[in-house]
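Please open the model in a viewer and keep the sequence panel at hand. The stops below are given in the order in which they may be selected.

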Amino acid sequence: MSDRSKKQVMLERMNEKKKEVRKVRRIVLIVFLAVMLLLVIGGAILYSYVAGALKPVDPDSEETVTVEIPIGSNLDSIALKLEEAGVIKDNRIFKYYAKFNNESDFQAGTYDMSQAMTPDELLESLKTGKVYREPVFQFTVPEGLNLAQISEVIEKNTEFTADEFMELVTDEAYINELISKFPNLLTEEILNEQIKFPLEGYLFPATYPVFEEQPTLQMLVEQMIGATDQSISPYREAIAEEERTIHQVLTMASLVEKEARTPEDRKSIASVFENRLDQGMPLQTDPTVAYAHGEHLERTMYSDLEIDDAYNTYQNQGLPPGPISNAGNSSIDAALNPAKTDYLYFLADPSGINHFTKTYEEHLKNRDKYLKSGE
């Protein structure tokens, strides 16, 4: 090949390389612009999402939900509880917002929060241990009350009568509406024809702040049911593992609530009931007899035990058809986590102290010792 031909070939190769370099630069530029565009779009989407997550869930909401913050809760668990309660949109964004603002030292307790609250209002409430918004009024439902007794609380604290309350909570159409509204709590079990009041046991005992000047009766009822839903939430997995239903747990908890004189007794009493169920023995708990009669019995007489009623646990084995009262958290926990004992009997002495025994003979001795001596 001549020198001229070699030079020609080299020039052509150089031109090709220049073209390749220009193509590569063009491709790099296109990729760079595409990446930048994606970053801009992604950033805009992310900004929009974060900004939206830091706004109130529903600025116009006038309803409240109860959120329980246990002692020792960290920011992660608190943020998760707030999201589960529906008062924030994204627990991760709330958590990062709190960390960015160096917010800490949150107070344990029971909070009544609203979807209308901003993250700053929620953080302020958690730091001070107080509800950020001042309620118009509040009412307290003590542990262990039944529906009829709760109706009296409502009458005393609101413009609604006890009869209006009972009419609403026994209305079939309204109960079906509530089943649809609280599907994870209320099931067809409450429609059992043997149950006296379908919503018995589902109105959580607590202090309820009311932020509306003129709340509806439905709003008050659903506030209490919502609190039960929140209270049961941490136990759902344990209930499913034990192949129980929420209705059964609340029924057992209601028996514990009515029998327990002190917080320490609850798990031991629950163990007695569980041991009796395991051995096929009737529960024989007096509060179910009083509930069957529909009145408070100062003392349960032998004649009282003869009532033919599905709630009479002297005549029927197993749990009654439904709860006989509205139980608090400690009784619900005891129903799910009873003490490990061999106790089959217990009785309360005149001072309110419960005495547990393994055999009927021991039980009779305690009855003679603590009860008959005082007659």
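**The whole chain**

The chain contains 14 helices and six strands. Of its 375 residues, 42% count as buried. Among contacts with a separation of 6 or more, 63% are accounted for by residues 24 or more positions apart.

Next, colour by pLDDT. The chain mean is 86, and 88% of the residues reach 70 or more. Confidence is lowest in helix α1, residues 3–53, with a mean of 68; it is highest in helix α6, residues 162–169, at 97. Where pLDDT is low, predicted coordinates should not be read in detail.

**The nonpolar cores**

Select Phe 165 and Leu 186. Within the largest nonpolar core, which has 62 residues, these two have the most contacts. Centre the view on Leu 186: leaving out residues up to four places away in sequence, Leu 186 touches Leu 178, Ile 179, Leu 199, Tyr 202 and Ile 225. Another core, of 18 residues, lies apart from the largest one; its members include Ile 69, Ala 79, Val 87 and Leu 123.

**Helix α5**

Select residues 147–157, which form helix α5.

Which residues of α5 are buried? They are Leu 147, Ile 150, Ser 151, Val 153 and Ile 154. Viewed down the helix axis, the buried residues of α5 fall within an arc of 160 degrees, and therefore line one face of the helix. Turn to the other side of α5 to find Glu 152 and Lys 156 exposed. Then show β3 (137–140), α6 and α8, against which the buried residues of α5 pack.

**Ser 231 in helix α8**

Move to helix α8, residues 217–232, and select Ser 231 within it. Ser 231 counts as buried because its relative accessibility is 9%, where the cut-off is under 20%. Beyond neighbours within four places in sequence, Ser 231 is in contact with Phe 204, Asn 329 and Ile 332.

**Ala 270 in helix α11**

Now select Ala 270, which belongs to helix α11, residues 266–278. Its relative accessibility is 1%, so Ala 270 counts as buried. With residues up to four places away in sequence not counted, Ala 270 touches Val 256, Ala 334, Ala 335 and Pro 338. A distance label may also be drawn to Glu 257: the C-alpha atoms of Ala 270 and Glu 257 are separated by 9.7 Å, with the two residues 13 apart along the chain.

Finally, select strand β5, residues 345–348, together with β6. The two strands run antiparallel and are joined by four bridges. Ala 348 stands opposite Asn 354 in β6. Five residues lie between the strands of this hairpin, and Gly 352 takes a positive phi near 95 degrees.

Notes: Residues are numbered from 1 along each chain as its sequence is written. This is a predicted model: local features need pLDDT of at least 70, side-chain atom pairs count only at pLDDT 80 or more; totals for chains, interfaces and linings use all residues. Side-chain values use heavy atoms; hydrogens and water are left out. Buried means under 20% relative accessible area, exposed over 50%, partly exposed in between (1.4 Å probe, protein chains only). Contact means heavy atoms within 4.5 Å. pLDDT is the predictor's confidence in each residue, from 0 to 100. Two strands pair if DSSP finds at least two bridges between them. The arc is that of the directions from the helix axis to the C-beta atoms. A nonpolar core is a set of buried Ala, Val, Leu, Ile, Met, Phe, Trp, Tyr and Cys residues joined through side-chain atoms within 4.5 Å.
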